[in-house]
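Hello,

Here is the structure you are taking over. My notes follow below it.

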Amino acid sequence: MSSNDNPSTLKSYVDSAAGALQSGIASMTGNTSDKAKAEQTRAHASAEHSASESAVKVGPLTLGSSGAAAKDSPDRSRGAWDQTVGSGKETLGNLVGSEGLKREGREQNLQGQGQEAKGQLADFGQGVGDRVAGTVGGAAAALVGDRNEQTRWQERHDEGKTRQRGAELDMDKAAS
């Protein structure tokens, strides 16, 4: 993993490229020790990439691999609630034979889906924006040697990454 024990997608790509370069050199020289080291570097890069992509959803919270937590947009929670209530109304309408209740439930469910999607896109966009701002701000803070600012920007980056991963998890779940 990266030197600060925070999994990094970018670092995993750099390590993977380094492993490929080592492997190429080992193939030309025929050195088995270099081949083994190249495979180890590539396996490490693969593990880091997997870890950097991981996130866990717990209700309206996402917990990222860095330890950061991000709360979902209220639109996502309200949208999910409307979908649940709408499905309940639709089911009840089917049971009692009420076309009006059934139609009302379908409409509420569809509105909830739209609201949840809006929240997912907002969280995804905010996550990407926070990651970029955190990276740029952290680099600027590092240039002037301000460790406190660098830490603050890293936290913003990590929360953005967690928010983005949470939105991606929900979008993937909805797509499947």
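Second largest pocket

The second largest pocket has a volume of about 250 Å³. A pocket here is an open set of points on a 1 Å grid over the protein atoms alone, where a 1.4 Å probe fits, with protein on both sides within 12 Å along at least five of seven lines. Its volume is the space filled by probe spheres set on the points.

This is a predicted model: local features need pLDDT of at least 70 and side-chain atom pairs pLDDT 80 or more, while totals for chains, interfaces and linings use all residues. Residues are numbered from 1 along each chain as its sequence is written, and side-chain values use heavy atoms, without hydrogens and water.

The pocket is lined by 15 residues (an atom within 4 Å of a point). Nearest its centre lie Ala80, Glu116, Gln120, Asp170 and Lys173. By class, the lining has four nonpolar, five polar and six charged residues; Gly counts as polar. Helices α3 (74–96), α4 (99–144) and α5 (147–175) each supply at least two lining residues; helices are DSSP runs of H or I, at least four residues, and strands are runs of E, at least two.

Serine 77 is in helix α3. Its relative accessible area is 35%, so serine 77 is partly exposed (between buried, under 20%, and exposed, over 50%; 1.4 Å probe, protein chains only).

Regards
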